[in-house]
Amino acid sequence: MVQSFQETAMEKLKRTVEQARAAFNTGKTRPLAFRIQQLKALKKMVQEKEKEFSAAMKADLNKSEFNSFSYEFMIVLGEIDLILEKLPDWASPQSVEKTILTLNDKTYIHREPLGVTLVIGAWNYPFVLIMGPLLAAIAAGNAVVVKPSEISENTAKVFEKLLPQYIDK
């Protein structure tokens, strides 16, 4: 019985990764405008659903609303604002000093997303330790697979319900 469950879970994970890779391969995640739109949608999710996440963390870890806001939501909202401010500069080509071999060339660093990233959540800070890496991966232009901690099951259920409502599947 356990083996068939693991195979089913592994098949589901494989299918999810394949879907994320297919989405990345379309090039949809690369444009700066798409990344910014996704980040703004996540900010909206945090602002609109703070109480729902807070209640889930109360049920999972007995975290107070103040603790959830101070150590989870406030940090994430600050990160989103910083990324939105800096992302256009981070995504633009950066000039590089020329060498004797590149005197006649245009030299710059052009950052490219790597593809699909996996974000595995931790049980003790189930919101911020999902959202921080998720924000970075989206800002970089990657497709993301999110795997919340099964120990913080209520928070995981809220993520499972809300992420598809706010950001592109």
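I'll start with a helix pair: the axes of helix H4 (residues 65–91) and helix H5 (residues 128–140) come within 9 Å and cross at roughly 10 degrees. Axes here are lines fitted to C-alpha atoms, for helices over the stretch in contact, with angles from 0 to 180 degrees between N-to-C directions. Because of that crossing angle, H4 is roughly parallel to H5; the label covers angles under 35 degrees, with over 145 roughly antiparallel, 65 to 115 roughly perpendicular and the rest oblique.

This is a predicted model, where local features need pLDDT of at least 70 and side-chain atom pairs pLDDT 80 or more, while totals for chains, interfaces and linings use all residues. Residues are numbered from 1 along each chain as its sequence is written, and side-chain values use heavy atoms, without hydrogens or water.

Back to the pair. On the H4 side, the contact (heavy atoms within 4.5 Å) is made by Tyr71, Glu72, Ile75, Val76, Glu79, Ile80, Ile83 and Leu87. H5 contributes Val128, Met131, Gly132, Leu135 and Ala139. By class, that contact has ten nonpolar, one polar and two charged residues. Nonpolar here is Ala, Val, Leu, Ile, Met, Phe, Trp, Tyr, Cys and Pro; charged is Asp, Glu, Lys and Arg; the others, Gly among them, are polar.

Now the whole chain. There are six helices and four strands, in the order α-α-α-α-β-β-β-α-β-α from the N terminus. These are DSSP runs numbered from the N terminus: helices are H or I with at least four residues, strands E with at least two. Of the 169 residues, 35% count as buried, meaning under 20% relative accessible area with a 1.4 Å probe, protein chains only; exposed is over 50%, and partly exposed lies in between.

Which residues have the most contacts inside the largest nonpolar core? They are Leu42, Met45, Phe53, Phe127 and Met131, in a core of 30 residues. Such a core is a set of buried Ala, Val, Leu, Ile, Met, Phe, Trp, Tyr and Cys residues joined through side-chain atoms within 4.5 Å. Helix H2 (32–48), helix H3 (50–61), H4, H5 and helix H6 (153–166) each supply at least two of its residues. Leaving aside neighbours within four places in sequence, Phe127 is in contact with Val46, Phe53, Met57, Glu72, Phe73, Val76 and Phe159.

Last, the loop between H3 and H4 holds Asn62. Its phi is near 60 degrees, a positive value in a residue other than glycine. Asn62 is exposed, at 56% relative accessible area.
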